[in-house]
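I opened this entry to record a few residues that I wanted to look up one by one. My notes follow in the order in which I took them.

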Amino acid sequence: MAFVLNVSEPPEDQGSLEPSPDEESEVHHSFHQLIQEQSRWAAEEGLELQSRGPAAGALGASGGDHQAFLKPEGAALHSSATLRILASMPSRTIGRSRGAIISQYYNRSVRLRRASRPQLQVLGRARPSLRLYDLELGAETLEDEEKRVLLVKELQGLTVAQQDHMLRGMPLSLAEKHCLREEARTPRGKQQPGQPGLLSCCSRFRYACVLALHSLGLRLLSALHALRPWHYALKRIGGQFGSSVLSYFLFLKTLLAFNALLLLPLLAFIAGPQAAFPPARPGPAPAFTGLELLLGGGRFTDTVMYYGYYSNATLNQLCAGPPDGGQCAPEAAGLPYNMPLAYLFTTGAAFFITCITLVYSMSHSFGESYRVGSTLGAHAITVFCSWDHKVTQKWASRLQHDNIRTQLKELLAEWQLQRSPRSVCGRLRQVALLGLVWLLCLGSTLGCTVAVYSFSELLIKNPVSANQEGLLLALPLVVCVLNLGAPYLYRGLAALERHDSPEVEVYVAICRNLVLKMVVLGILCYHWLGRRVDALQGQCWENFVGQELYRLMVMDFIFTLLDTLFGELVWRLISEKKLRRGKPEFDIARNVLELIHGQTLTWLGVLFAPLLPAMQILKLLLLFYVKKTSLMANCQAPRRPWRASHMSTVFISLLCFPSFLGAAVFFCYAVWQVKPSSLCGPFRTLDTMYEAGKVWVRRLERAGPGVAWLPWLHRYLVESTFPIYLVSALLLAVIYLNIQVVKGQRKVISLLKEQISNEGEDKIFLINKLHAVYERKERGRVGRTQEAVTPPADHQDAQ
């Protein structure tokens, strides 16, 4: 078996903390001296050290001693010379011996004092360093206590900040660091007030203030860390149910941050200014009946919730629009706030900011999940390096214990899955079954799509009257029923596949649910921008689309609550009482797709209902607590643990490309191609929403030469397609270069790993050859001793 020696890297900067070559040669001088001595003995006895090529034959001929030396458990005992060689190796001296640590940091403190010491011309009475006495600090000349005394003396010559920095980086226990700090800061002997080493009152007060501020900062940081939303709840979920279930709640938390970022500019530049300058109402406001919470109409229609409430005037004065829907005449005085331009640019900027945030989150998650290098040794790292020794409370230690145990289960399950591949016949049977199940799932998706399209066309032919507002919930009800029932059908069909990996099973379920939801949303987008715009001529169709998206969000939330409170509860009772299987598992794929579906509805409705992200935030807050309570009461940890190392990256990618990309296409089509309503909204007098920018540019051209550069920017950067192509080409070039850099890093890392492995084998080869030379010399020495002690046989016969 191969025996590789891994040398741990120092945790700090290599350039400033690594010992010099002279010091390394002193530390390992005995090792090199022994090599030269054994080589000289081998040359005297006629032995020739072979090269690396025929090493296997030499080791094979050396007998059982060499094979026993390669065993990690070490059944055979070695000589003292071999043990001295092992003890002198770099991996045995630096970082493990307490004396070597103190000696190493003594040298660093000396260099630090020399770097921070003033020039001799400025300070004539500087205390000389101990290096002037030519003290050798090798491991063979000084004991640990002597090194400790010298280190304390050198630390006393440093400032308090330098002492703290040096002690903080030492790989010693907290008790030893505390003793070193106390000894370094305790003055030896009686010192006069004028002598250096005794701090003045101002210095002590300054240091006390610095320490107090530092302690206050640490406490504030810990308080901010504790104030993170759902910190303890997420740790509890991860400890009890594993990283796979935790990924769902982390994704929900990410969506909450996205919606908060999306809502801020909409409130600041659209809803806030319009609420400060409300337009005149054409009539009395309708009474609140309570149905508005479900239907989204009634009293909510004439509010900042919907597109039709916003005026097409400047907001420096109150203006009631003409009855024919004409443009309000702006006053010359005051700073005008162009509401159409603000509406268009704010929604576009909100989409752009969301796009940048999504791309950054996806790249960051990709870097966290797919790190360059391998995950070898994760089991040992989890066992020996996962425990936080700062934990003192009983509940925190129990939670950390559960978390480490769950991580070990996931790692062992992944390792066991890699060691049990299927046979060829099993793979063919699995492929055939997968094809059949996929055909059934695609057929059901096609049936759901046809049902939604047929029902939407029926509503176009038979419009709902004003007295039958309850029928407006028909289309959202049909869509939510299909979105709720189809995932259960997919889950039943997935039970026939019997995937080896739970991770693959979750990904397949996500793909099937994603195809269903995206196709249904595509049919609804065609229904709104294609059919409804033509059917609602002479009406405010933007308000209708906004209300339709509002109803879809409300019904989706209601069905999610019903499925969580009753579906999971009833299934738990059936599974425990009738099937005797225990609690069911948490369906990650279905719940994640519900979040993506709700977020897609929010992005689709931003143009027609600017406050829809506020509703999504409230929905996500309630959904977190409902799902957490149902998870603790109705679900159990996965029966087959698996490590969800890439789940967050997959979720963000699905949120970016199918969801946000589709919403961005919907937004661009509505802005550039669809004619706005002529009765409501900020674009009522324009052919397209995009013409608001052109109108603003024409006004700037008439304003004077002082702002002539703004129309130039609009003409060559917005209307021209060349900047878009240029930015796209640069983006593709940057992506290509990053891919090549990552490939180069992977290749370099693989070469470095191979080099480290070869270095370890070189050390083993060298030690075995030295061991063979020493054993051969010992046998020769023992033979010569026996010959000298034992008298010759002929001499005994003569007597």
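I began with Arg699, which I found in helix H25, the helix that covers residues 691–703. The model is a predicted one, and I kept this in mind for each entry below.

I next looked up the accessibility of Arg699, and with a relative accessible area of 35% it counts as partly exposed, because that class lies between the 20% limit for buried and the 50% limit for exposed residues. I then noted that Arg699 belongs to a positive surface patch, which Arg699 forms together with Lys694, Arg698 and Arg702.

I moved on to helix H20, residues 502–535, where I located Leu524. Is Leu524 buried or exposed? I recorded a relative accessibility of 0% for Leu524, so this residue counts as buried. Setting aside the neighbours within four places in sequence, I listed Val452, Leu475, Val479 and Leu552 as the residues in contact with Leu524. I also looked up the pair Leu524 and Ser456, whose C-alpha atoms are 8.1 Å apart although 68 residues separate the two along the chain.

I stayed with helix H20 for Arg532, which lies in that helix too. For Arg532 I wrote down a relative accessibility of 10%, and Arg532 therefore counts as buried, since the limit for that class is under 20%. Which residues does Arg532 contact, leaving aside its neighbours within four places in sequence? I found Leu459, Ile460, His527 and Phe544.

Technical notes
Residues are numbered from 1 along each chain as its sequence is written. This is a predicted model: local features need pLDDT of at least 70, side-chain atom pairs count only at pLDDT 80 or more; totals for chains, interfaces and linings use all residues. Side-chain values use heavy atoms; hydrogens and water are left out. Patches are made of residues with over 30% relative accessible area and no salt bridge: like charges are joined within 9 Å, nonpolar side chains (Val, Leu, Ile, Met, Phe, Trp, Tyr) within 5 Å. Accessible areas come from the Shrake-Rupley method with a 1.4 Å probe; for residues, only the protein chains shown count as cover. A salt bridge is a side-chain nitrogen of Lys or Arg within 4 Å of a carboxyl oxygen of Asp or Glu. Lys and Arg count as positive and Asp and Glu as negative; His and the chain ends are not counted. The place of a charge is taken as NZ of Lys, CZ of Arg, CG of Asp or CD of Glu. Helices (H or I, at least four residues) and strands (E, at least two) are DSSP runs, numbered from the N terminus. Buried means under 20% relative accessible area, exposed over 50%, partly exposed in between (1.4 Å probe, protein chains only). Contact means heavy atoms within 4.5 Å.
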